[in-house]
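I opened this notebook to record what I looked up on nonpolar packing and aromatic rings. The entries follow the order of the look-ups.

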Amino acid sequence: MPAICKDSDLQEGQSRGFELDGHSFFIVRQQGTLYAYRNHCPHLGVNLEWMPDQFLDSDGRLIQCAMHGALFLIESGYCVSGPCTGQSLTPLPCEVRDDDIWIEL
Ligand code: FES
């Protein structure tokens, strides 16, 4: 389980992407809770973001795939709209220890 960044680097409502040991994933903080998912859209298997570290829709309330606009709940990764409705992103275990965010790949 590697440490990927400082907890204080990720503010409320922000997302951030990482490439580590051949794994592509991202983290999001919503209402103080940290979530991590593989950066892999269940529709075509592509990366989700439209710009570096931009994984959320314009309201910052849902995760969005830039390719065809699928929308996913931040708290579960469940797709609520788009071509992969009913499928889910793959969650990754993560935790904060001291001021570091750790993730299990
Ligand atoms: S590849 Fe993500 S919605 Fe089509």
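This is a predicted model: local features need pLDDT of at least 70, side-chain atom pairs count only at pLDDT 80 or more; totals for chains, interfaces and linings use all residues.

Entry 1. Leaving aside neighbours within four places in sequence, I found Phe26 in contact with Arg16, Gly17, Tyr35, Ala36, Tyr37, Arg38, Asn39, Leu48, Phe55, Ile63 and Leu89.

Entry 2. I then asked which residues touch the most other members of the largest nonpolar core. That core holds 16 residues, and the ones in question are Phe26, Leu48, Ile63, Phe72 and Leu89. Strands β3 (23-30) and β4 (33-38) each supply at least two residues of this core. Apart from it I noted another core, of 11 residues, including Cys5, Phe25, Leu92 and Ile101.

Entry 3. I next looked up the aromatic pairs, and the count came to three. One of them is Phe18 with Phe25, which I recorded as stacked, at 5.4 Å centre to centre with 15° between the planes. Phe18 has a relative accessible area of 13% and is therefore buried, the cut-off being under 20%. For Phe25 the relative accessible area is 0%, so this residue is buried by that cut-off as well.

Entry 4. I turned to Phe26 and Phe55, a pair that is also stacked, with 4.2 Å centre to centre and 10° between the planes. Where in the chain do the two partners lie? Phe26 belongs to strand β3, and Phe55 to the loop between β4 and β5 (62-64), 29 residues apart, and the pair thus links distant parts of the chain. I found both Phe26 and Phe55 buried. Together with Tyr37 they form one aromatic cluster.

Entry 5. Finally, I checked Trp102 and found Arg97 over the face of its ring, at 4.4 Å from the ring centre.

How values were computed: Residues are numbered from 1 along each chain as its sequence is written. Side-chain values use heavy atoms; hydrogens and water are left out. A nonpolar core is a set of buried Ala, Val, Leu, Ile, Met, Phe, Trp, Tyr and Cys residues joined through side-chain atoms within 4.5 Å. Buried means under 20% relative accessible area, exposed over 50%, partly exposed in between (1.4 Å probe, protein chains only). Helices (H or I, at least four residues) and strands (E, at least two) are DSSP runs, numbered from the N terminus. Contact means heavy atoms within 4.5 Å. Rings of Phe, Tyr and Trp (its six-membered ring) pair if their centres lie within 6.5 Å; planes under 30 degrees apart count as stacked, over 60 as edge-to-face and the rest as tilted. A charge sits over a ring if NZ of Lys or CZ of Arg is within 6 Å of the ring centre and within 35 degrees of the ring normal.
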